[in-house]
Each structure stands twice: as C-alpha cells, then as structure tokens.
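Here is a short note for a colleague opening this model. Keep the structure in view while reading the points.

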Amino acid sequence: MDTVWVLGDQLNRRITSLEGRSTDDTRVLLIESRAKISSKPFHRQRLHLVLTAMRRFADELRNLGFEVDYRQAEDFAKGLADHRQEFSPGRVIAMEPMSYRMLDRLAELDVEITRSNQFLCHYEDFAEWADGRKRLVMEDFYRMQRERLGFLMDGDGPAGGAWNFDADNREPPPKDARSWPEPVRSRLDDLDEEIIDSLPENAFGADPDGTWATSRRAALARLRHVVENVLPVFGPHEDAMLAGEWSMAHSLLSPYLNLGLLYPDEVCEAAEDAYRAGNVPIASAEGFIRQIIGWREYVWGVYWLWMPAYADSNELRATRSLLPVFRTGDTEMRCVSECLSSVREHGYAHHIQRLMVLGNLALLTGVAPAEMVDWMWASFVDGAEWVMLPNVLGMSLYADGGKMATKPYAAGGNYINKMSDYCGDCRFKPGNRVGDDACPFTTLYWNFLDSNDERLSDNHRMARQLAASKRLGDLDAVRQKAYEVLERLVEGQL
Ligand code: FAD
Ligand code: SF4
C-alpha cells in the first residue's frame, strides 16, 4: 500500500498524486502542523478556512472509500514519521507543493513528487517561455496563454476583436454609489464551530461568518454565483474603492483557487460560457480571464523562476518595522482605516486596496519588504508565499528593482481621491502636502520621490514625476512635514 500525502492547498480529487490511484492501493495522509499554524499571528478566518477545508476534503475522500490518516502533529516531519511508523507505506507520494521551501523539504523527507497540475502553465514551461527574453511582459505571456489554451478565441483571433479590454475597466467609482451583489454565505455547522473554538490565541480578526466556502461543493456554488451575478458587472469599476463596499464587483474566488478547491480551467470555462451565452460583456469576461490565465499564472511562473534569491530583494533599502497601524487599524486616514477594517472583518481587501492603499503606505514609509510580506501573508484568506512575493515585494514595494513593475506604484492622495469616495469624509485634504490638513499620502509621496531621486533616476518612466518633485517650491516644508508624519506613524498616532 502506498501513501499519498495531500498538502493543505491541494484539496481536490484532480491532483496528480491521486490520479489513477484506487482505494485498494492507496492510503491518504493529511497533516495539520502545529508549528505552521502558530508560525505567525494568522487571521482567524484564514486558519479556519484552511483547517476546515482540509477536514472536509478528508471526509470527501473517506466517502469515496479511501482510508485517510488525518494527523495533528508538532510539524510535518513528525507527522510523516509517525505515519510511516504506524503504516509502513511502500512509497510516500505527494504532488509538487506551492512553495520553494516545501519542495526542498519533501525531498529531504524522501517523498516522491508528481508534477503539479494546479496551474495551466507549469513553471518549467513558463521558464521555457521566459528563456532569452529581455523583459517578461505579462501581456505577451497572457496572449501566449490565450492562444495555447483557446480561451476567448474566435478562430485564430481574439473574441470581441481585441486581446485586452482594460481601457474599459478603469472607471472611477459610480456616482450613484450603487451597491454590488452580496457575497454568498454558508451556514456554519458543528465542524466550523469546533475549529473556531480550537484556533490559537495569537490568531486575530473577526470570527468566520460563513463568507468563505470550506468545501469543493460550496466553492462551486460560489463560482456559479460569481458567473451569474458578479461577472455581468465585473470590470468597469475593477479599480474603484467605495467605503462600506468591501467586495465591490470582485469574485472573491482567490482562496479557492489557491487551496485547490477550484481549478483555474473550470473557472475560466464557466466565465467563457457565460460570455458565449450573452450574459456577460466581453470586457468583463476578458478582464476576469486575464486575471486568472494571465496575472495569476505569470506570478506563479516568476516566483519559481526567481526564487530563492527573490525573497531577499530590497532594491530601495527599506528597513522600517511594520507600522503599528497595520496591526491596530487605528488611524485618522480614512482610506487606510476602511481597508484595514475589511481585512479585520473578512481577511480580504481587493486588489487596488492592497496595491494603492496598504502597499502604497508601506512603500512610501519604507517598511522592510519582508515585514510587509509577512503581515499580508498572515492577514489575507488567500495568502501564500508564491503569490505574495511577486505581488508584495515586486509589484507593490518595487523591492525587485522593476522586474515585476516597470516603475514604483507610488501615489499621493489625489489618486486615492479619484478612485474612491474615501477622501470626502477624511479629516485630511488629498491635494495638500503641507499644513495641518495635509494628506499623509500626498506628503509622503513627494518625500518618496525626493529621497529616492538617485535610485530612480535611471528609470525613464519616473522622469516626469521626479522632474515635478524638483520643481516644488516648498520642498523643505514637505521634507519637514514628512518627518513629522513618519514619526507619528511610527508611534501609532496618526
Ligand atoms: P478578482 O479581482 O475577482 O480576480 C480574479 C482572480 O484573478 C483572483 O481570484 C486571483 O486568483 C487572480 N488574480 C488577479 N490578480 C492577481 C495577481 N496579481 N496575482 C495573483 N492572482 C491574481 N492574491 C492572492 O491570491 N493571494 C495573496 O496573498 C495576494 N496578495 C496580494 C498582495 C498585494 C500587495 C497585491 C497588489 C496583490 C495581491 N494578490 C494576492 C493579487 C490580487 O490582489 C488577489 O488575487 C485578488 O484581490 C483576490 O480577490 P478576488 O478573488 O476577488 O479577485
Ligand atoms: Fe486617505 Fe488622504 Fe484621502 Fe484621507 S485625504 S482618505 S488620508 S488619501
């Protein structure tokens, strides 16, 4: 009898380690590692989601007739050693893990590996595509994926006559502040309650309320809801932020894709079917599919291509400790307070909130990349190293010196004001960089350009912004104000 070890983010019957295996020749092992669970102060909803989904998947496999050894162990090595001692399996097999470190770990533990099928472009194939290219342009990769996989293709050309409808998807918030389809919620059952009661003391955030699906069946129901109700309005306001609208028209599917509860092909097929049936406009279908076969797979590919050195990137030499506001959520900055309240309540913030508010704040204040990665990883229900490093280190903090983003995503209050309704009720004024009501983002934005002038001077995409910063007549006052703002942020008083 062999053992198939199913890792906590491989919760699907389609994983290659289970392919072709029968209940006669296979015992399944799942390990809950106490070391992993308490390694960071994780959000309660994230821990609950992963642990409950693991237990439900174990039950799903039992119902299919598999013998399942579900272990709670000090760490993975101990769990596996105890399993080996009790069952003496012929071979122990696992599908490739999502993280670089875990791949090494499995080799050390003498586990046989099968090739991962959780992405549509395996990282070895991505490396082949990347080979010899000067720049890894996401749009080129995405087009290759469209052609190779056949999503939204009419013959040899793109459906709707264009490869990318992004220009239609950058609208500011709607003036009527319309609301969006409510996320689906599941009723919590005894297993949910048991797991909530067992969460470690260092876990933080609001308790689960059924927002996040913890089984494949419930994840498929979420996918149906997204296709029927969310996708028709997904797109135009993708980059907009509204107070009190935590999910806007986003799909909230990332945790299921990342845990294996959903596979990317079935998600994209469902979106394409809805477009072909005339229920979803091309701009929404294309924008959504691009996020999955484009951005998501690109991020996965570059993670494997650039690791392990990538994890230590720190181009801007940012060394500040994580600002207290990220942990307390206590701030007068309305934009930050709204985004952090979404994180606290749901373990979620949408892309622009992550990039242009939370990430932007860390970038402008010089938070050390590793500290920000750690915080986001622990705080989001969909966190994982492979997706965090390129998005946080690369896209958000420019720590990789421009491998992911061609220029830093640094912005002042005017951008946030344009893309949200946050500033109206804020005590600060987005257009002001000095004075009592100066917006901290605006002050810090000009200060960021001033203090990184030399490091960014070779980047022609920054030339206009750097030139504008040099023309400021009140640069000394901005520097002084930035000093005060930083002091107050470090002391948790802003
Ligand atoms: P939608 O807007 O509905 O998009 C659909 C899907 O596309 C998502 O479910 C996701 O699977 C995929 N996707 C879109 N953009 C990206 C991207 N840049 N990278 C990877 N997948 C993408 N995503 C995570 O899954 N986990 C993270 O921990 C994470 N951290 C992030 C941190 C920062 C600073 C930034 C800028 C982005 C981060 N992202 C992360 C990417 C993206 O913000 C989330 O995938 C998305 O917000 C999840 O919400 P959604 O499912 O409603 O997405
Ligand atoms: Fe945020 Fe500045 Fe707008 Fe206040 S004024 S919400 S701090 S961007």
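1. Start in helix α3 (residues 76-87). Lys78 and Asp82 are 4 residues apart there, so about one helical turn separates them. Their side chains meet in a salt bridge, 3.1 Å from N to O. The term salt bridge means a side-chain nitrogen of Lys or Arg within 4 Å of a carboxyl oxygen of Asp or Glu. By this rule the count comes to 35 salt bridges. Helices (H or I, at least four residues) and strands (E, at least two) are DSSP runs, numbered from the N terminus.

2. A word on the basis. This is a predicted model, where local features need pLDDT of at least 70 and side-chain atom pairs count only at pLDDT 80 or more, while totals for chains, interfaces and linings use all residues. Residues are numbered from 1 along each chain as its sequence is written, chains are lettered from A and ligands numbered from 1 in the order in which they are written, and side-chain values use heavy atoms, with hydrogens and water left out.

3. Next, the domains. The chain is divided into domain 1 (2-114), domain 2 (123-179 + 212-306) and domain 3 (319-490). These bounds come from an automatic or database domain assignment. Over C-alpha atoms, the centres of domain 1 and domain 3 are 38 Å apart. Their contact (heavy atoms within 4.5 Å) takes 11 residues from domain 1 and 15 residues from domain 3.

4. How much area do domain 1 and domain 3 bury between them? The figure is about 1,100 Å², with 48% of it on carbon and sulfur atoms. Buried area is the accessible area (1.4 Å probe) that two parts lose on being put together, summed over both. On the side of domain 1, Lys40, His43 and Arg46 supply 49% of the area buried against domain 3, more than any other three residues.

5. Which links cross this interface? The rule finds 2 salt bridges between domain 1 and domain 3. Asp374 forms a salt bridge with Lys40, and their closest N and O atoms are 2.8 Å apart. On the side of domain 1 that touches domain 3, α2 (44-63) and α4 (100-108) are the elements that give two or more residues. The largest share, 3 residues, comes from α2.

6. Now the aromatic rings. A search of the whole structure finds 23 aromatic pairs. Rings of Phe, Tyr and Trp (its six-membered ring) pair if their centres lie within 6.5 Å; planes under 30 degrees apart count as stacked, over 60 as edge-to-face and the rest as tilted. Tyr123 and Trp304 are stacked, at 4.3 Å centre to centre and 10° between the planes. Tyr123 lies in helix α5 (residues 123-130) and Trp304 in helix α11 (residues 282-306), so the pair ties together parts 181 residues apart in sequence.

7. Last, two backbone details. Met307 and Pro308 are joined by a cis peptide bond, with omega about 0°. Pro308 is in the loop between α11 and α12 (324-328). Ser88 has a positive phi, near 40°, and lies in the loop between α3 and β4 (92-95).
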